[in-house]
Amino acid sequence: MLPFLKYEFLQNAFLTGIMVGLLAPVLGVFIVVRRQALIADALSHITLAGIAANLLLGKWSSFFATANPIYLGMAFSVGGAIFIEQLRKVYKHYEELAIPIIMSAGIGLSVIFISMADGFNTDLFNYLFGSIIAVKQSDVWTVFAILIVVLLFVFFMYKELFVLSFDEEQGRLSGIRSNWILVAFMAMTALVIAASMKIVGILLVSALMTLPVAASIRIAKGFKQAIWLSVLFGEVAVISGMFLSYYLDLASGGTIVLCLVVILFLCISYKKFTGSRKVGHL
Amino acid sequence: MKNNLNSIAIRVDDLSFHYGDKNVLQHVTMDIKKGSFLGLVGPNGSGKSTLIKCILGLQKPQQGNVYLFGEKINKFNDWEKIGYVSQKANSFNTAFPATAFEVVSMGLFGRVGLFRFLKAADKRKVWEALKSVNMEQYAHQNIGELSGGQQQRVFIARALVSDPMLLILDEPTVGVDTESSESFYKLLKELHYNNNMTLVLVTHDVGVMTDYVTDVACLNKQIHFHGNTREFETSSSENISAFYGHHVHVLHHDHDHA
Ligand SMILES: Nc1ncnc2c1ncn2[C@@H]1O[C@H](COP(=O)(O)OP(=O)(O)OP(=O)(O)O)[C@@H](O)[C@H]1O
Ligand SMILES: [Mg+2]
């Protein structure tokens, strides 16, 4: 076995990282092609509000003091996701407005809760930037449950998600009940964002959802291939990022995101290189 | 009325539609017979696309009813019987990573149903549909890497893949070169004759269209004319010009324009 996996906390982090490296890009593909890349940012900030609320409530209630803050973060995130889908309907012609509305509400709430809870502590810092040593056993099980739910959803709803992302009208014509599928999808996204926080941190969750996809759609032929490549890139970045983070003693979120940036850069230059070779042959 | 409905593919009954306080359709009533090939014409903004969307249940009219194959639209369930190419089909997200094959397979999703997957027979259908529009060699290209006309053919294949009984096309030949659009019209005529398919074609090619369609409807908020092609042609170009609000040459592609 890999030497660095002899510690239990590192095993927890590693398992969680592998699951998150699969989940975030899978949902990210649908989010990016629907041109909603910023939704991940909005939801991560509302998640932060949930976590801050938990820290605050922990001051007064022993229930919240012992609870894993990730659960309240998830509850906020799912609530925010459902709210975004509703707002998108209110602002039909400015759908993207829903995102800054939720994002600023999330930041506003977080700031208030944090200041009421007498400011920052290391816990909160870990959520902001990700820390592999902070991953608990209960986090692993929570993420595992989310993994099962999300993979089943995407597997069985693949057709529907695909057609709704490409062309909502065609989806409705095929008799697809777009409303509940999109709300369920947003709820799944919210769960995955909350699940990814410990590893990459709130500020960088959206990178794990969108950067692998940004890289894969440069080179993928077709939608299925885009999904597989995104997952491959996500996993490579998470695993190598966690190694680097451990051996160089750096924040895991930062190393993972930098690995993603390198992959993205390689994909863009690969495309450029093969593209220019074709021209050369003509 | 019930008897009557048997021979009718689409019945639009006193339908009115407005966006906000903007009237788009006023008391539109028409029957489109099964097996007919209707050309729907009208100036820009006359409500053609809106009427199509009401017929497909994608927009809800504030007044009036639509019946599809004798069934009131909110009870109608056979959506796989209907193929549709929307006017904005060519304004999709061109960076979308989907192959032509994947796009065409979407046309089968209504038939395949919730929780199920495409079988080998479905995949064969996708190939056939791609072949019928001469696009099989591009099956594994991303849709965004095809030319505008090729993309349009892929969308037509998507509409055809479920063997629809009714095919509705909203300006499908915009951006398609003359030769391809001619072969496309021939394809429509073949589908119409061989499969007894009902077709509704929204177009601005008034002249070319009359060589293929069996019926013509002119829409400008209301139906100004609805009859067979011969009646339309003998109703003289003054009528058509009056309807369009300016002079229109009805030109056939085998004629010179005067
Ligand atoms: N989503 C919308 N919101 C508000 N008004 C709309 C909307 N879509 C269309 N309209 C208006 O409804 C009217 C009819 O539009 P429609 O698209 O049905 O016309 P059309 O006959 O298809 O035109 P074209 O030949 O340009 O395709 C137009 O005046 C248009 O401005
Ligand atoms: Mg139109």
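Me: What should I know about numbering and thresholds before reading the values?
Reply: Residues are numbered from 1 along each chain as its sequence is written, and chains are lettered from A and ligands numbered from 1 in the order in which they are written. Because the model is predicted, local features need pLDDT of at least 70 and side-chain atom pairs count only at pLDDT 80 or more, while totals for chains, interfaces and linings use all residues; side-chain values use heavy atoms, with hydrogens and water left out.

Me: What does the side chain of S46(B) reach at 2.6 Å?
Reply: It is the backbone oxygen of P43(B) that the side chain of S46(B) reaches at 2.6 Å, and the backbone oxygen of L219(B) is reached at 3.5 Å. A polar contact is a pair of N or O atoms within 3.5 Å; within protein, one must be able to donate a hydrogen and the other to accept it, and residues adjacent in sequence count only if both atoms are side-chain atoms.

Me: What makes the pair D167(A) and R158(B) a salt bridge?
Reply: The term asks for a side-chain nitrogen of Lys or Arg within 4 Å of a carboxyl oxygen of Asp or Glu. The closest N and O atoms of D167(A) and R158(B) are 2.7 Å apart, so the pair qualifies as a salt bridge. Between chain B and chain A the count is three salt bridges.

Me: How many residues of chain B are in contact with chain A?
Reply: With contact meaning heavy atoms within 4.5 Å, 33 residues of chain B are in contact with 26 residues of chain A. The two chains bury about 2,700 Å² between them, 64% of it on carbon and sulfur atoms, buried area being the accessible area (1.4 Å probe) that two parts lose on being put together, summed over both. In chain B, F96(B), P97(B) and F109(B) lose the most area to chain A, together 23% of what that side buries.
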